[in-house]
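Here is a short note on the model, in numbered points. Please read it with the structure open.

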Amino acid sequence: MKKIDCLGEICPVPVMKLRAVMDSIQKGEDYLLVTDHSCTISNLESFCKANKLSYQLDEVMNGVWEITITAGR
């Protein structure tokens with residue numbers, strides 16, 4: 001699993017970082033995006049839905065989320 005570290009980054013930076021690697025995501029491959037910015041959650045959900053990416057959200061500690069993003073599941 002590849003990791004996109006967005007701790008300390010505000011929107012739209014996390015979405016831009018995901019967009020930058022989208023073309024290299026292989027079917028079934030997972031990316032783990034880590035963020036501590038709550039606005040990122042809704043923006044990433046919208047982005048994933050629009051680009052047919054699966055995602056799973058987990059708040060691993062108060063105010064820190066790990067979002068597992070998978071292509072073509």
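1. **K52.** K52 is exposed, with a relative accessible area of 73%. Here, buried means under 20% relative accessible area, exposed over 50%, and partly exposed in between (1.4 Å probe, protein chains only). K52 sits in the loop between α2 and β3. Its phi is near 55°, a positive value in a residue other than glycine. Helices (H or I, at least four residues) and strands (E, at least two) are DSSP runs, numbered from the N terminus.

2. **Ground rules.** This is a predicted model: local features need pLDDT of at least 70, side-chain atom pairs count only at pLDDT 80 or more, and totals for chains, interfaces and linings use all residues. Residues are numbered from 1 along each chain as its sequence is written, and side-chain values use heavy atoms, with hydrogens and water left out.

3. **Helix α2.** The helix ahead of K52 is α2. Helix α2 covers residues 39-50, 12 residues in total. From first C-alpha to last it reaches 17 Å, close to the 16 Å expected at 1.5 Å a residue. The expected span is 1.5 Å times one less than the number of residues.

4. **The faces of α2.** Which residues of α2 are buried? They are T40, I41, L44, F47 and C48. They lie on the same side of α2, because they cover an arc of only 135° around the axis. The arc is that of the directions from the helix axis to the C-beta atoms. On the other side of α2, K49 and A50 are exposed. The cover over the buried residues of α2 includes α1 (13-21), β2 (30-35), β3 (53-61) and β4 (64-71).

5. **T40.** T40 belongs to helix α2. Its relative accessible area is 0%, so T40 is buried. Leaving aside neighbours within four places in sequence, T40 is in contact with C11, P14 and T35. Contact means heavy atoms within 4.5 Å.

6. **Helix α1.** P14, V15 and L18 are the buried residues of α1. Seen down the axis of α1, they fall within an arc of 100°, so they line one face of the helix. M16, R19 and A20 are exposed on the other side of α1. The buried residues of α1 pack against β1, β2, α2 and β4.

7. **The core.** The largest nonpolar core has 16 residues. I4, L18, L33, L44, L53, I67 and I69 touch the most other members. Two or more residues each come from β1 (2-6), α1, β2, α2 and β4. A nonpolar core is a set of buried Ala, Val, Leu, Ile, Met, Phe, Trp, Tyr and Cys residues joined through side-chain atoms within 4.5 Å. Take I67 as a case to inspect. Leaving aside neighbours within four places in sequence, I67 is in contact with Y31, L32, L33, T35, I41, L44, Y55, Q56 and L57.

8. **Two glutamates.** Is E29 buried or exposed? E29 is buried, at 18% relative accessible area. E29 is found in the loop between α1 and β2. Its side chain reaches the backbone nitrogen of Q26 at 2.8 Å. A polar contact is a pair of N or O atoms within 3.5 Å; within protein, one must be able to donate a hydrogen and the other to accept it, and residues adjacent in sequence count only if both atoms are side-chain atoms. Beyond four places in sequence, E29 is in contact with K2, S24, I69, T70 and A71. E59, in strand β3, is partly exposed at 43%. A polar atom of the E59 side chain lies 2.9 Å from the backbone nitrogen of G63. Leaving aside neighbours within four places in sequence, E59 is in contact with V64 and W65.

9. **Cysteines.** C48 is buried, at 0% relative accessible area, while C11 counts as partly exposed at 21%.

10. **The cis peptide.** Check the bond from C11 to P12: this peptide bond is cis, with omega near 10°. P12 is found in the loop between β1 and α1.
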